[in-house]
Amino acid sequence: MPENTDKAVAPVVDNVLEVDDLCVSFFTEEGEVKAVNGVSFEVGRGRCMAIVGESGSGKSVTAYSIMRLIQSPGKIVGGKIRVFPHGQPVIDVAQLRDKDPLLYHVRGGLVSMIFQEPMTALSPVHTVGNQICEAILLHREVTPAEAKNQAVQMLTRVGIPNPEARMRQYPYEFSGGMRQRVVIAMALVCKPVLLIADEPTTALDVTIQAQILTLIRELQQELGTSVLFITHDIGVVAQIADDVAVMYRGRIVERGTVRQVIKKPLHPYTKGLLGAIPGLAAPGTRLPTIESVLAGRDISRPMPLLTAPDGRLVALSDTEIQEQFTPAIP
Amino acid sequence: MISANSNSSPTASGNLLDVHDLCKYFPIFSKGLVPKRIGEIRAVDNISFSVRKGETLGIVGESGSGKTTAARSILRALTPTSGQVWFDSDLFGRIDLSQLSEKALKPLRREMQMVFQDPFSSLNPRMTVGDIVGEPLVIHGMGSRAERRDLVASMLEKVGMKAIHMQRYPHAFSGGQRQRIGIARALIMRPKLIVADEAVSALDVSVQAQVINLLQDLQDEFGVTYLFVAHDLSVVRHICDRVAVMYLGKVVEFGPTEAIFSNPRHPYTKALLSAIPQPDPDVPLRPEAMGEIGDLNRFAGMDMTPVFHPE
Ligand SMILES: Nc1ncnc2c1ncn2[C@@H]1O[C@H](COP(=O)(O)OP(=O)(O)OP(=O)(O)O)[C@@H](O)[C@H]1O
Ligand SMILES: Nc1ncnc2c1ncn2[C@@H]1O[C@H](COP(=O)(O)OP(=O)(O)OP(=O)(O)O)[C@@H](O)[C@H]1O
Ligand SMILES: [Mg+2]
Ligand SMILES: [Mg+2]
């Protein structure tokens, strides 16, 4: 796998995506559920931004918002989602009407998404081959024979043995991880400007996961694709991401380069997340949970993001940040 | 113990489950208007192992190697092509589940529950979460309506969700929340055996820690036995007593967890352990350890004989 480059924040701003103060709510009988509450981040061209965070913190809802796939009773209640296609005018996805042709342009080529649960993206009644070919035909001007060719090639690249025969099968005849790889193949054949990958490797063993991560890296180098990578696997983040945002209850609590966030987490939630990796605990013992790591400290009160001395953003007070950057007195 | 010799007594004591020569084949059909059966996929090809009472047995392996098919065949969500699955039931004593009818299985299902790999397709979208989690209680006629409600509420809280979530439908939850709904449903019957297929794969490490601690508490308190299928090797190392490694439908390595992790001997196990990504951007993956996936010859020339570690 290619080396992670850990460039400091680029001086020339060339972003593919800028999300600014995004708010998404679900209006339910229980009241307004603020699933995403003032989230801002950007994804640089050719870079990979990882979002990690608590289960239920709004990662998938953020991704769905970028594709404008939030459905009633959910609604984007505020903020901007700007996509910057190369050499074309910027598109604010949040402002587009439901039937705006630009929206199809965004979904159908500029941005493609690997869904967290493969069956949301697959039809149970069509063969896998037909579904991948359809995706290709929708986005590229090729003959059906050529589409089939490309589909077989992509299935090979995601590690499906015997792809010709597998094309004729239905999703239920695939294992969980094979379905996930079909969805990855469908997202990659479109050669998007921005790839959103929502937990793309949870159903894969680590050897195939490594291959998929390499494939995404190759695509980034070949085509300059940017990636928004949602995962809870810190090992995967360390391998693939340039930048990391940590989400907790609908907000970002820490954002910086992968080395900043993983090697020296500042926010207590980030520290808790890194501390709870089971590999680090003795077998058979109780695992540290967020509660045990936080030890009674309350982080539920939202705090504004401030810039730390090393340039990252973190939701802590100035004094709390300073404390962590003052060298300990020997 | 792994029973390499399948004629070992099916009544071996101390085991909750004895799986003997289990096979599950799926037919492959030809193209065309009148499809003909032209072959079969040997998803599970002659596997044998035992699960001791109160232990956690991990199953790891390549994606597509037959882990889900094996788990489903054991709990009889599928009917095996051949082989036996001996289960030590409280109600019926030792009994072979492999060819029982659905009717005969029903009372046994109280004692064994499954957490399915794909929470999206395994939760009924038209039922509220309260009904989904409480359904096993209804099926087996347990508790009054109010008692069931309380049980469901407390179970949801144990997996880190809230009682008010009972009224919502599955689509109104995140991936990890749906996964926890499946876990709550399996735990509510307090079964003797839980087969968990990628049950914590969508959870962030902190919620995952909470669920794993819960599973271990239940084991300590009630002696629950787990068959734990998972890709996350750090979780497997943490909670499993023994591990079976599957590759292309077969068990290729079996033994105590520490023996497998510290001294992997089968080429696939070695490749697997070398591909774990470290949570450190300065420790890159070693690509040479992986070989091309999908390339069935990637282990060509290597000794592929199954390895059974001594206890
Ligand atoms: N239709 C809905 N009605 C009410 N609440 C909803 C609905 N859809 C999502 N939510 C809530 O929005 C929150 C954010 O969900 P989201 O799917 O973005 O979480 P996530 O960060 O992706 O979590 P996971 O890691 O578990 O996938 C959750 O708390 C969820 O319960
Ligand atoms: N209903 C079915 N019909 C035909 N083939 C099937 C069926 N179910 C599974 N298979 C095939 O059996 C093999 C094993 O699948 P299984 O789901 O057991 O794998 P797995 O080890 O659980 O993989 P994963 O880690 O990806 O979930 C695969 O080749 C799959 O395509
Ligand atoms: Mg999600
Ligand atoms: Mg599976």
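This is a predicted model: local features need pLDDT of at least 70, side-chain atom pairs count only at pLDDT 80 or more; totals for chains, interfaces and linings use all residues.
**Entry 1: the ligand shell.** I began with what lies around ligand 1 and found 18 residues. The closest are Ser55(A), Gly56(A) and Ser60(A), along with Ser174(B) and Gly176(B). Chains A and B both supply residues, so I noted the site as shared between chains. Sorted by class, the shell holds 11 polar, four nonpolar and three charged residues.

**Entry 2: polar contacts.** In chain A, the side chain of Ser60(A) places an N or O atom 2.8 Å from a ligand oxygen, and for Gln116(A) the distance is 3.0 Å. From chain B, Gln177(B) has a polar side-chain atom 2.9 Å from an oxygen of ligand 1. I then checked the cover: ligand 1 on its own exposes 650 Å², and the protein buries 92% of that. Which elements give two or more residues to the shell? I found strand S1 (15–28) and helix H1 (59–66) in chain A, and helix H6 (175–187) in chain B.

**Entry 3: a cis peptide.** I came across a cis bond between Ser72(A) and Pro73(A), with omega at about 10 degrees. Pro73(A) sits in the loop that runs between H1 and strand S4 (74–83) of chain A.

**Entry 4: positive phi in chain B.** Asp21(B), not a glycine, has a phi of about 50 degrees. Asp21(B) belongs to strand S1 (residues 15–29) and is partly exposed, at 29% relative accessible area. Arg76(B), also not a glycine, has a phi of about 65 degrees. Is Arg76(B) buried or exposed? I noted Arg76(B) as buried, because its relative accessibility is 8%, and placed it in the loop between helix H1 (67–74) and strand S4 (82–89) of chain B.

Methods: Residues are numbered from 1 along each chain as its sequence is written. Chains are lettered from A and ligands numbered from 1 in the order in which they are written. Side-chain values use heavy atoms; hydrogens and water are left out. A residue is near a molecule or strand if one of its heavy atoms lies within 4 Å of it. A polar contact is a pair of N or O atoms within 3.5 Å; within protein, one must be able to donate a hydrogen and the other to accept it, and residues adjacent in sequence count only if both atoms are side-chain atoms. Accessible areas come from the Shrake-Rupley method with a 1.4 Å probe; for residues, only the protein chains shown count as cover. Helices (H or I, at least four residues) and strands (E, at least two) are DSSP runs, numbered from the N terminus. Ala, Val, Leu, Ile, Met, Phe, Trp, Tyr, Cys and Pro count as nonpolar, Asp, Glu, Lys and Arg as charged, and the others, Gly among them, as polar. Buried means under 20% relative accessible area, exposed over 50%, partly exposed in between (1.4 Å probe, protein chains only).
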